Structures are given as structure tokens and as C-alpha cells.
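Dear colleague,

Please find below the structure that I am handing over to you. My findings follow it, grouped by topic.

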Amino acid sequence: MAGLAQHRPCRVACLLVLFVWYCYHVGREQPRAYATVNALMQSAEANGVQNGFVYCQSPECVRCSHHDGLNQKLYHNLQEQAKRYSWSGMGRIHKGIREQGRYLNSRPSIQKPEVFFLPDLPTTPYFSRDAQKHDVELLERNFQTILCEFETLYKAFSNCSLPQGWKMNSTPSGEWFTFYLVNQGMCVPRNCRRCPRTYRLLGSLRTCIGNNVFGNACISVLSPGTVIAEHYGPTNIRIRCHLGLKTPSNCELVVGGEPQCWAEGRCLLFDDSFLHTAFHEGAPEEGPRVVFMVDLWHPNVAAAERQALDFIFAPGR
């Protein structure tokens with residue numbers, strides 16, 4: 001008993017040391033908290049978000065790099081996703097990554113996504129409103145809300161050539177401006193703060209692509225006399241939705257050789273992996289053509305595939 005009594009102070013001392021170490025270790029770990037807008041802005045600016053859109057600074061960017069190792073990188077991401085969850089339902093994605101080079105090079109010139117082609121998806125230049133009925137109806141019900149926030153933003157153009165948050169895009173003629181709330185899967189906090197109701201609306205959309213580099217949401221403005229050069233989008237896994245905010249006469253969208261006109265308060269759905277262009281040939285006094293653009297999932301991409309594609313094409317991967 002005397003021996004045990006002698007060792008008791010040592011045990012107490014050891015327990016105290018362990019307790020102090022534990023407190024120190026736990027104290028170093030910061031609690032996981034919801035990010036504030038200021039924190040989001042600092043993070044976004046650190047990742048190259050300036051004046052409202054992403055300036056790519058990484059040679060590893062999946063949207064900007066077309067190097068030989070891209071398919072291996074995508075396959076590695078797919079393997080990581082499958083290990084975490086399951087290979088079940090990954091057949092088309094696996095097939096697409098394995099034969100991506102062949103798909104992209106052998107596609108007919110009318111449809112040629114620049115980054116990723118998911119095989120066996122139904123293809124058509126335009127989609128009916130029923131393709132994503134819930135989101136189309138929600139956007140159209142909030143037409144006036146989005147329009148009002150745009151009009152407030154647009155007043156700044158009378159004070160300077162390019163207000164903060166807007167991006168000027170290259171065009172053969174005219175002027176094409178965009179104001180991004182989400183750009184390549186990344187929130188633009190400063191812009192979202194200026195359109196709070198429109199940004200909150202994005203969270204109510206069931207099929208909005210918001211977690212990978214193929215997802216965007218922005219206000220797009222074409223001034224009279226503007227022509228957007230023909231081009232392809234990066235992938236066929238999405239449907240691009242245009243909600244008409246201001247639609248003067250003599251404005252057209254042409255996708256896969258098929259022309260369509262916008263209408264105010266109505267959504268137009270199309271697959272931008274098809275060759276497409278847009279133009280505004282209206283008179284100057286008619287003002288700009290304005291749409292709210294948001295990327296939605298292709299209706300034939302399954303839930304498990306969406307989860308995997310969000311992981312594979314997560315911003316910064």
C-alpha cells in the first residue's frame with residue numbers, strides 16, 4: 001500500500017500533463033463557422049476574382065488547359081469519388097473520360113464541347129420549358145425582382161465606362177457586358193451583395209449548377225449593333241437558361257443553325273455545346289438586350305452522376 005501511495009503523485013502529475021496537452025491541442029483548432037460575406041470576398045480575391053469575374057491564374061484549370069494529362073487527372077478524380085461513395089452509376093462518366101479525346105475530336109462540327117463530353121445524352125440545340133419546369137416557372141415568377149435589381153445596377157453606366165463588377169467581353173462588333181453572381185462555380189460575393197434577392201433565388205432552384213466549374217449565373221447585356229462570334233460551350237452536361245429581361249426587336253440567338261428570339265419574362269433553354277451565336281441588330285434608341293443567364297443540369301444527367309461531376313470538376317481541383 002505504501003508503494004501505491006508513493007506512485008499516486010506521479011499518476012496525478014501525468015494526468016495533469018495529459019489534460020494540459022489536450023486543452024492546448026483543442027484550443028489550437030478553430031471552430032467550423034459559417035463564412036461571412038467579408039471572408040468570402042477575401043477568399044474570392046485571393047483566388048483571382050477581380051472586378052466581378054475570375055481571372056484564371058492556374059495552369060491546372062480544367063476549363064483552360066487542354067494538355068495531354070487532362071484525361072488522367074479527370075480519371076484520378078473519378079477514382080477518388082468512387083472510393084468515397086461507389087462505382088454504381090458511373091458507367092457513362094467512366095466511358096466519357098476513358099474516350100474523351102476521341103469524343104471531342106470526332107464530334108460533328110455542329111456540336112463540339114471544348115472540355116468534357118458525356119456520352120449517350122440526348123442532343124438537341126433547344127430544350128422545351130418542361131425540361132426543367134420547376135426552375136423555369138420559378139425564374140419567370142421572379143422576373144420583376146431580377147429586372148429591378150438589374151435596372152439599379154445599370155444606372156451606374158451613366159457615371160463611368162465600366163462600373164465595378166461588370167466584365168466586358170470580346171466581340172467582333174458592339175459591346176457585350178456580363179455581371180456574374182456565380183462564375184465557373186465560384187460565388188462573386190461583392191456582386192451577390194448588390195443583387196441579394198436574385199442571389200437568394202439561385203438557392204431555390206433545384207437544378208442550378210453551383211458546385212463545379214461548368215456552373216454560372218450572370219446578367220448578360222448586348223448593346224445595339226453587337227454580334228457575338230460563333231463558339232462552343234465547354235460541356236454538354238448542362239442546359240443554359242436565358243430569362244429575357246429586356247428584348248428589343250431584331251435580336252436573335254442562333255444555336256446549331258436554328259434561330260430563336262427572346263421574350264421578356266420568358267425562359268429560353270438551349271445546349272451551348274452546340275455552335276451558337278447571338279446578335280442585336282436593333283436601333284440604338286431601343287436600348288440593350290438583357291437576359292439573366294443561369295446554367296442548369298441536363299435533365300438526363302442522373303443524381304449520382306451530378307454528385308460525381310461536382311467532385312471531378314470542383315473549382316480548384
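A residue is called partly exposed here if its relative accessible area lies between the limit for buried, under 20%, and the limit for exposed, over 50%. Arg197, with a relative accessibility of 43%, is therefore partly exposed. Please note that this is a predicted model.

Salt bridges

The structure contains 10 salt bridges. One of them joins the side chains of Glu149 and Arg197, with an N to O distance of 3.5 Å. Glu149 belongs to helix α7 (residues 143-154) and Arg197 to helix α9, so this pair ties together parts that are 48 residues apart in sequence. In contrast to the partly exposed Arg197, Glu149 is buried, because its relative accessibility is 6%.

Since Glu151 is in helix α7 and Lys246 in strand β9, the pair ties together parts separated by 95 residues in sequence. Both residues count as partly exposed, Glu151 with a relative accessible area of 33% and Lys246 with a relative accessibility of 28%.

Arg240 is located in strand β9 (residues 238-246). Is this residue buried or exposed? Its relative accessibility is 12%, and therefore Arg240 counts as buried. A salt bridge connects the side chains of Arg240 and Asp272 at 3.7 Å, N to O. This pair links distant parts of the chain, 32 residues apart: Asp272 is in the loop between β12 (267-270) and β13 (276-280), and Arg240 is in strand β9. Asp272 is buried, as is Arg240.

The side chain of Arg240 also makes a polar contact of 2.8 Å with the side chain of Asp295. A network of salt bridges links Arg238, Arg240, Asp272 and Asp295. Apart from residues up to four places away in sequence, Arg240 touches Asn216, Leu268, Leu269, Phe270, Asp272, Met293, Val294 and Asp295.

Leu202

Leu202 is found in helix α9 (residues 196-202). With a relative accessible area of 8%, Leu202 is buried. Which residues does Leu202 contact, leaving aside its neighbours within four places in sequence? They are Leu181, Val182, Cys208, Ala217, Phe292 and Val294. Of these contacts, Val182 is 20 residues from Leu202 in sequence, with a C-alpha to C-alpha distance of 9.6 Å.

In helix α4 (residues 91-98), the buried residues are Arg92, Ile93, Gly96 and Ile97. Viewed down the axis of α4, they fall within an arc of 130°, so they line one face of the helix. The exposed residues Gly91 and Arg98 are carried on the face of α4 that is turned away from its buried side. The packing partners of the buried residues of α4 are α3 (70-84), α5 (100-106) and α10 (303-312).

In helix α6 (residues 133-141), Asp135, Val136, Leu138, Leu139 and Glu140 are buried. The buried residues of α6 pack against α7, α9, β9, β12 and β14 (289-297).

Aromatic residues

The count of aromatic pairs comes to 7. Among them, Phe157 and Phe177 have ring centres 5.1 Å apart and planes at 65°, so the pair is edge-to-face. Phe157 is in the loop between α7 and β4 (166-169), while Phe177 is in strand β5 (residues 176-183), so the pair ties together parts that are 20 residues apart in sequence. Phe157 counts as buried at 18% relative accessibility, and Phe177 counts as buried at 5%.

Trp166 and Phe179 form a tilted aromatic pair, with 5.2 Å from centre to centre and 50° between the planes. Trp166 lies in strand β4 and Phe179 in strand β5, so this pair ties together parts that are 13 residues apart in sequence. Trp166 is buried, with 0% relative accessibility, and Phe179 is likewise buried at 0%.

One aromatic cluster is formed by Phe150, Tyr154, Phe157, Trp166, Phe177 and Phe179. Elsewhere, Arg289 lies over the face of Trp262, at 4.6 Å from the ring centre.

With kind regards

Terms used
Residues are numbered from 1 along each chain as its sequence is written. This is a predicted model: local features need pLDDT of at least 70, side-chain atom pairs count only at pLDDT 80 or more; totals for chains, interfaces and linings use all residues. Side-chain values use heavy atoms; hydrogens and water are left out. Helices (H or I, at least four residues) and strands (E, at least two) are DSSP runs, numbered from the N terminus. Buried means under 20% relative accessible area, exposed over 50%, partly exposed in between (1.4 Å probe, protein chains only). Contact means heavy atoms within 4.5 Å. A polar contact is a pair of N or O atoms within 3.5 Å; within protein, one must be able to donate a hydrogen and the other to accept it, and residues adjacent in sequence count only if both atoms are side-chain atoms. A salt bridge is a side-chain nitrogen of Lys or Arg within 4 Å of a carboxyl oxygen of Asp or Glu. The arc is that of the directions from the helix axis to the C-beta atoms. Rings of Phe, Tyr and Trp (its six-membered ring) pair if their centres lie within 6.5 Å; planes under 30 degrees apart count as stacked, over 60 as edge-to-face and the rest as tilted. A charge sits over a ring if NZ of Lys or CZ of Arg is within 6 Å of the ring centre and within 35 degrees of the ring normal.
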